[in-house]
Amino acid sequence: PFGILDHDCIFWLGDLNYRLTGLSDTDIRALVAQRNWATLLTCDQLLQQKQNGLAFVPFQEGRIDFAPTYKTIVGSSQYDPLRPPAWCDRVLWRGAAIKLLQYDSIPQIVSSDHLPVVARFELDIKAVIPERRAAVMVD
């Protein structure tokens, strides 16, 4: 059977709903205010799951150098006072021909309770040359 991991390039993105664990809401907010992403990322459930071989093991993710994207008050980039911030929104990929060019959030777009994440890639792709394909397809 042919499965998702049998493709050359795979992108997995969206609200993956992973949170920050092991820190209080107050500590999380203080670390966000300090822009201390390194400490926060040690408590990131997705990274912990990957390190423990439990989820998204064959996938890569770009360096997170932006504030958590969840949960904000709709219409602003301010965090909801009732939910601790987290990086719920992620872009993961798998494939040797994929080069990450940009991984960031866009805090200016505030139409949701999640700040959007953007990733830009460069891919090496195989091109089909009809004449060469026809030559190898001869009976």
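Buried means under 20% relative accessible area, exposed means over 50%, and partly exposed lies in between (1.4 Å probe, protein chains only). This is a predicted model, in which local features need pLDDT of at least 70, side-chain atom pairs count only at pLDDT 80 or more, and totals for chains, interfaces and linings use all residues. Residues are numbered from 1 along each chain as its sequence is written, and side-chain values use heavy atoms, with hydrogens and water left out.

**Salt bridges**

The structure holds seven salt bridges. Each is a side-chain nitrogen of Lys or Arg within 4 Å of a carboxyl oxygen of Asp or Glu. Among them are these:

| Pair | N to O distance |
|---|---|
| Glu61 and Arg90 | 2.6 Å |
| Asp113 and Lys71 | 3.3 Å |
| Asp80 and Lys71 | 3.8 Å |

Take Glu61 and Arg90, which meet in a salt bridge. Glu61 lies in strand E2 (residues 60–61) and Arg90 in strand E3 (residues 89–94), so the pair ties together parts 29 residues apart in sequence. Strands are DSSP runs of at least two residues, numbered from the N terminus. Glu61 is buried, at 17% relative accessible area. Arg90 is buried too, at 1%.

Lys71 bonds with Asp80 and with Asp113. The Asp113 pair links distant parts of the chain, 42 residues apart. Asp113 sits in the loop between strand E4 (98–105) and strand E5 (117–123), and Lys71 in the loop between E2 and E3. Asp113 is partly exposed because its relative accessibility is 21%. Lys71 is buried, with 15%. Asp80 is buried as well.

**A charge without a salt bridge**

Asp89 is found in strand E3. Asp89 is buried yet has no salt bridge. The nearest side chain of opposite charge, Arg90, is 8.6 Å away. Here Lys and Arg count as positive, Asp and Glu as negative, while His and the chain ends are not counted.

What does the side chain of Asp89 meet in polar contacts? One partner is the side chain of Thr69, at 2.7 Å. Another is the side chain of His114, at 2.9 Å. A polar contact is a pair of N or O atoms within 3.5 Å; within protein, one must be able to donate a hydrogen and the other to accept it, and residues adjacent in sequence count only if both atoms are side-chain atoms.

**An exposed residue**

Leu13 is in strand E1 (residues 10–15). Leu13 counts as exposed because its relative accessibility is 56%.

Terms used. Helices (H or I, at least four residues) and strands (E, at least two) are DSSP runs, numbered from the N terminus.
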